[in-house]
Amino acid sequence: MKIEVQRSDLSVVTRPGYYAIPPSQIIPFSPDDRKLLANFSNMAAHPTLPLSVQMNSFRVRDGYYIVPLSFEIPPAAVQFERKGETQRLHLEVLGVVRAEGEDKILSRLGGNFDVALTAAQYEAIIKDKIFYRQDMSLDAGTYTIDLIVRDRLSGNVVAKREKLVLP
């Protein structure tokens with residue numbers, strides 16, 4: 001591509017190249033996220049972290065839903081780190097939402113969670129479960145949700161694929 005201007009008082013400033021981003025990569029991912037996604041099948045086949053996932057949909061209006069995605073992890077399956085008076089938990093949650101049969105990622109879920117717990121909070125969690133919830137807003141359709149959860153201290157990881165049908 002060549003750009004020329006006919007006015008002598010103007011100049012064109014461009015970069016030397018252009019790289020098109022495929023539609024499946026419009027949602028930004030870190031290099032670590034990309035590694036996790038590339039290894040999804042292996043992690044799904046060999047999980048080292050127990051995980052219970054739930055998705056319940058609520059129709060807000062015709063063709064539009066709120067879908068809370070939640071999961072639970074037994075506290076004994078993750079590693080806590082004592083720092084001073086607190087116990088710390090380091091979880092990485094990565095979820096991607098795709099329309100079924102498509103490669104394009106519609107939404108990214110999760111993030112990195114570094115949680116500092118007081119002694120009382122730690123005792124309460126140890127006797128129960130670690131709980132996570134994130135709400136999604138979706139139109140009617142059929143979706144595939146890939147979810148990866150990793151305990152950064154122990155390295156334990158799990159990957160699950162869930163199908164979601166919203167009539």
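**Figure 1. R34 in helix α1.** In this predicted model, R34 counts as partly exposed, because its relative accessibility is 38%. The residue belongs to helix α1. G84 lies 50 residues away from R34 along the chain. The C-alpha atoms of R34 and G84 are separated by 34 Å.

**Figure 2. The salt bridge between D33 and R108.** D33 pairs with R108 in a salt bridge. Their closest N and O atoms are 2.5 Å apart. D33 sits in helix α1 and R108 in strand β6, so named partners come from distant parts of the chain, 75 residues apart. D33 has 7% relative accessibility and therefore counts as buried. R108, at 28% relative accessibility, counts as partly exposed. In general, side chains of opposite charge can pair when their charged atoms come close. The count of salt bridges comes to eight.

**Figure 3. A salt-bridge network of R98, D146 and R161.** Salt bridges link R98, D146 and R161 in a network. Between R98 and D146, the closest N and O atoms are 3.0 Å apart. R98 is in strand β5 and D146 in strand β8, so this pair ties together parts 48 residues apart in sequence. Both R98 and D146 are buried. D146 also meets R161 in a salt bridge, at 2.5 Å from N to O. R161 lies in strand β9, so its pairing with D146 in strand β8 ties together parts 15 residues apart in sequence. D146 has a relative accessibility of 3%, which is why it counts as buried. R161 is exposed, with a relative accessible area of 52%.

**Figure 4. The largest nonpolar core.** This core holds 30 residues. F71, I73, M136 and V149 touch the most other members. Seven strands are listed as supplying at least two residues each: β1 (52-55), β3 (64-73), β5 (86-99), β6 (105-117), β7 (130-139), β8 (141-151) and β9 (157-166). Strand β3 gives the most, with five residues. In soluble globular proteins, nonpolar side chains tend to be buried together.

Figure 5. Neighbours within four places in sequence are left aside here. V149 is then in contact with L49, L51, F71, I73, L91, E92, N156, V157 and V158. A second core is separate and has eleven residues. Its members include F40, L94, V96 and I148.

Figure 6. I3, V5, L10 and V12 make a nonpolar surface patch of about 330 Å². L10 is placed in the segment before α1 (31-38). With 44% relative accessibility, L10 counts as partly exposed.

**Figure 7. The whole chain, for orientation.** The protein chain has three helices and nine strands. From the N terminus on, the elements run α-α-β-β-β-β-β-β-α-β-β-β. The radius of gyration is 21 Å, well over the 15 Å that the globule rule gives for 167 residues, so the chain is more spread out than a compact globule. The C-alpha atoms fill a box of roughly 75 × 45 × 30 Å, taken along the principal axes. Of the 167 residues, 34% count as buried. The chain exposes about 10,700 Å², and carbon and sulfur atoms supply 50% of that area. Among contacts between residues at least 6 apart in sequence, 66% join residues at least 24 apart.

Note on methods: Residues numbered from 1 in each chain as written. Predicted model: local features only at pLDDT ≥ 70, side-chain atom pairs only at ≥ 80, totals over all residues. Heavy atoms only, no water. Patch = residues over 30% accessible without salt bridge, like charges linked within 9 Å, V, L, I, M, F, W, Y side chains within 5 Å. Areas by Shrake-Rupley, 256 points an atom, 1.4 Å probe, with all protein chains shown as cover. Salt bridge = Lys/Arg side-chain N within 4 Å of Asp/Glu carboxyl O. Helix = DSSP H or I, 4+ residues; strand = E, 2+ residues; numbered from the N terminus. Buried < 20%, exposed > 50% of the residue type's maximum accessible area, 1.4 Å probe, protein only. Rg over C-alpha atoms; globule rule 2.2 N^0.38 Å. Contact = heavy atoms within 4.5 Å. Core = buried A, V, L, I, M, F, W, Y, C linked by side-chain atoms within 4.5 Å.
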